[in-house]
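Have the model open while you go through the points.

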Amino acid sequence: MAAEAVKTVDGWYCLHDMRTIDWTSWKMASADERNEAIQEFKNLLTKWEDVEAAENGSHVLYQVVGQKADLMFMFLRPTMNELTGIETEFNKSRFAEFLRPAHSYVSVVEISQYGGNVSADDPKIRERLYPILPKWEHMCFYPMDKRRTGDENWYALGFKERARLLYEHSKTGRQYAGEVKQIITGSFGFDDWEWGVTLFAHDVLQLKKIVYEMRFDEVSALYGEFGEFFVGNHLAKDDIDAYLQV
Ligand code: VOV
């Protein structure tokens, strides 16, 4: 008999957008061109801040460590169309002329109902489905799958067993309350992996500790498959001028 799919409640749509700066062409641009590009970019950030203040979405910007990208945006919006709207507007901006695509990931904020029925009317649940993203010092993003090979097939496990495994998982997670904030987004049908995992921390070492510790949770040890990791440092709007100074 087929195992039963868990019901999920889904919130805002999510785009992770990573870009690499073409520093050579940035340096070749005139000071005026650079200033205009920066100003226009900051205006866009202000516009997105207004959306966030009205609680119609949220966003963050991080500086990626390492060569996978330079900038990592995460956008949350009520519709997929608004995500393409953001992308298109940004791509048309002057600053984007100096950026190369590095990576992107499309998903939707998700809560699965393993622990019983979850109501989108519950204010606590609403806060998780429509989160205002924390502007903590560090962020980490990676996609993941649940394994489906041989005896380790998550999708052939019964509901109760999956609920038990995730309950154990949540106990590990709760030990990091206040240290690590997680946003789990589902990406079945949207992108190449099944979930996106976004973690925020004040202390970057807590990111390593939680991911390492969870490797030993039965659910991650037996069923977790992981994609590429991106880690970054928060980039505030007020620090953009200094960052782009050449
Ligand atoms: C920061 C702490 C933390 C906490 C408290 C936490 C709790 C919980 C709860 C209560 C639940 C179940 C209900 C729901 O909310 O969906 C989940 C669910 C999930 N998690 Fe989690 N998780 C955390 C953190 C956390 C991390 C660090 C990871 C990555 C795992 C790793 O090995 O790298 C993760 C993954 C997931 C996933 C992919 C799901 C969905 C599984 C599915 O099959 O649907 N998660 N998670």
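1. Start with Ser 112: a side-chain N or O atom there sits 2.7 Å from an oxygen atom of the ligand. I'm calling that a polar contact, i.e. a pair of N or O atoms within 3.5 Å. Lys 146 has a polar side-chain atom 3.3 Å from a ligand oxygen, and Gln 182 has one 3.4 Å from a ligand nitrogen.

2. Before going on, the caveats: this is a predicted model, where local features need pLDDT of at least 70 and side-chain atom pairs count only at pLDDT 80 or more, while totals for chains, interfaces and linings use all residues. Residues are numbered from 1 along each chain as its sequence is written, and side-chain values use heavy atoms, with hydrogens and water left out.

3. Which protein atom is the donor of the iron? His 169 NE2 is the only protein donor of the ligand's iron atom, at 2.0 Å; donors here are N, O and S atoms within 2.8 Å of the metal (3.2 Å for Na, K and Ca), and with water not among the atoms, sites may look incomplete. His 169 lies in helix α5 (residues 159–174).

4. On the shell: α5 gives the largest share, five residues. The shell divides into 14 nonpolar, six polar and four charged residues (nonpolar: Ala, Val, Leu, Ile, Met, Phe, Trp, Tyr, Cys and Pro; charged: Asp, Glu, Lys and Arg; polar: the others, Gly among them).

5. Last, Arg 147: its side chain has a polar atom 3.2 Å from the backbone oxygen of Gly 224. Arg 147 counts as buried because its relative accessible area is 19% (buried is under 20%, exposed over 50%, partly exposed in between; 1.4 Å probe, protein chains only).

Definitions and conventions: Polar contact = N/O pair within 3.5 Å; in protein donor to acceptor, adjacent residues only side chain to side chain. Helix = DSSP H or I, 4+ residues; strand = E, 2+ residues; numbered from the N terminus.
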